[in-house]
Amino acid sequence: MRVFATYNIKGGVGKTATAVNLAYLSARDGARTLIWDLDPQGAATFYFRIRAKVKGGGRKLLRGKRPLDVTIRGTDFEGLDLLPADFTYRNMDLDLVQSKKPTRQLARLLLPLALQYDYLFLDCAPSISLVSESVFVAADVLLVPTIPTTLSLRTLDQLDRHLQERRTTRPRLLPFLCMVDRRKSLHKRICASPHEHHPEMLQTVIPYSSLVEQMGLRRAPLPAFAPLAEPSMAYESLWTEIVNRLSL
Amino acid sequence: MNPQSVRYPIESQIRGREALKSASERFPGRLKTHPDRRSTYLDTFDWRLYRDGGSLLSSTDGRVTVLRWNCLDGTPVFRARLRANPEFAWDLPASPFRNALDSVVEMRRLLLRLEITSRGETLHVLDANQKTVARLHFETASATGTGSVPKTLALPILLIAEPIRGYAREFQALVDLLEDEFQLQAASSDPLTMALETLGLEPSASSGRLTVQLAPEMRTDEATKRIHKELLQAILDNEEGVRQDLDTEFLHDFRVAVRRTRSALTQIKKVYPPDVVEHFKRQFAWLGQATGPTRDLDVYLLKMPDYRATLPEYLQTHLEPLQEFLIRHQRLEHRRLVEDLDSQRYSQLLESWRSFLDDPVPEAASATSDSPQAEIPVGKTASNRIWKAYRRVLKQGQSIDGGSPPESLHRLRIDCKKLRYLLELFRSLYDKQEMGTLVKALKRLQDNLGDFNDLEVQQATLQSFAHDMFQEGLATVETLMALGRLVDRLESRQAEERQRFQREFAKFASRKNRSRFRALFEQHETVAT
Ligand SMILES: Nc1ncnc2c1ncn2[C@@H]1O[C@H](COP(=O)(O)OP(=O)(O)OP(=O)(O)O)[C@@H](O)[C@H]1O
Ligand SMILES: [Mg+2]
């Protein structure tokens, strides 16, 4: 099982949209895929019309008292399952800190899933915290949606430096540009040569599109209800590029 | 894990629709009709996937083909989206799916075995968020076999309850409705088996192993004819695949059947009239030779990946001309082979052979003059022949030491082959497990001897290919170098096999195996031959 996390210190940059759409595409292509909604707000869970509730709350789950296995729910799409969010995830930091090696706890919980799934997508809440430290341990790859502005690029640098400082193994950082508005000259300039801003920056950019916002109304992954639309195609090529980049 | 879909046969379309309708009144949801859907079961000629406990189903949806490899009980194993059906496992993109498929089907072509056309309606059971929590499908379908005379037959009408992970309660409610109120009973067989049964197809057939059942007291000529009939059937079964060159196994199995036919003719002595033996021995020898060149080239083509892997990376691409050369010559030889199969000689051979086999065996006594062994019970003949062949293998093998010339190993290889054919032809007369053990032990020794011989032949053949390629202008200096390297590698591998021989033979000739052979085949009264 390979673990992806959609992550950014900043909020509202397209993490959840990315996790939901890429997980959908990976399942459609035949991979056994799971998405774990780690955000207490439960946006990913909402997109799949699943109730954001974990029996017994997040604490039991995070302490390993209740196996993840029985909490998993099938989405409406073949090969795609979801571990729902729960509002108690807002206390995740506290729940984690009480286990033996707090930053390793998440990775430990994932072990039993390794044979059941080919890909796991962790959809993270913004911020940098004990939860995100745990995600850095558990994930093989951090997918970082980055809006093409100077400030966002600076945040990306910060994240990069933060990861470089870690002595333990670190996830591979794969940033990409998203919510790109071609009418803005700054966006255009930054998108002209993505890898100048980060050596691993993916070539594919996700355009700004009101269709992505419609995912909230349709409550479904974008490529499921508008497979041929421009942003869907962008997610398609993003997924293909990731698969190729990692030679999966 | 999640429970699998449960399929319920239902006696009529009307009843099925009714059931779906009342389910939709009971459970909130959305009914959706789906138009005709076509899907195809792929499997090899010898049903390797089915016999491995799975099915490979391909359904086309617009321009994409979805390939699903499931366990027969429906548990998904692999799924992939492709542009077209794969013809061989290696047509899939590199993936765990391809590797697993390759290990089951190997070099065999994935044939379109069964086509299913289905239509029906689905009830998506929804919760308050319009989330699907279970599905109920109503399905009518027909299956079409893809043989020389394809027929289409209706499959049982079904209601299928499909669970969704994490919604066990909702699924159970659906199952309760179907089982308690509608009094339906779950189908006992999986979809593929059901379709095969409907069409009267028998997927266990044609696995290459002889299935003929002999009884020890049967007359030897009668038993030999039964063996020969089954082998003739194997020749006929594989002929079309050989003609079309669907995959290399058709020709392989065809040749095995021809060789076994000859070996039964010559190894089971004095049961047919001598002129019959003489005639058909010659004719089948001809057929064996006619198929030889194509098989040789097939074998080299199959070895190509291995050859490539043997070489350092910078030389690997320079083997491409060899591949081209082999393909070109294989096509040529295959065309010649088809001409032979089209010839009168071939059709007359099969015809006269068939009519000889169909002739009843001569009455008692009339056979004694020119086929004195014909009436002896086959159990006796078999033990006698096998025991002799085994003794010869032992004697020949024991005379070989580190300094013996290669010819002595070649002789032993031939003796082993004869023993192997006898064991296989008469397998059904003896204890299954004991025979399995002995055949396996012999096979190990044969692999060693076969590889030793084969590696020698390969060196000579590659050298002659190099020569021909040079003459045909196909070989660059690098290609010749690559071939040279390859021949060196093969030579050292041959030396390794020679090293291994003594150990392998000792294993085969172990005390345990010797007493097994003795217990099964040694006879106390000797039969004059
Ligand atoms: N490419 C896009 N074009 C237009 N709107 C987008 C795009 N991507 C995401 N959005 C919208 O922006 C909002 C935030 O997106 P999303 O929830 O995916 O971001 P996030 O990083 O997960 O946010 P949070 O930090 O709150 O978890 C949503 O309303 C979403 O519909
Ligand atoms: Mg989010």
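A residue is called buried when its relative accessible area is under 20%, exposed when that area is over 50%, and partly exposed in between, with a 1.4 Å probe and protein chains only. The model is predicted, so that local features need pLDDT of at least 70 and side-chain atom pairs count only at pLDDT 80 or more. Residues are numbered from 1 along each chain as its sequence is written, and chains are lettered from A.

Select residues 141-146 of chain A, which form strand 6; strands here are DSSP runs of E with at least two residues, helices are runs of H or I with at least four, and both are numbered from the N terminus. Six of the six residues of strand 6 of chain A are buried, so this strand is largely enclosed by the rest of the structure. Showing side chains, you will find V141(A), L143(A) and P145(A) pointing one way, with L142(A), V144(A) and T146(A) pointing the other.

Then select strand 7 (residues 172-180) of chain A, which runs parallel to strand 6 of chain A and is joined to it by six bridges; here L142(A) is partnered by L173(A).

Finally, move to chain B and select Y314(B), which lies in helix 9 (residues 313-316) of chain B and counts as exposed at 53% relative accessibility.

Methods:
Side-chain values use heavy atoms; hydrogens and water are left out. Two strands pair if DSSP finds at least two bridges between them.
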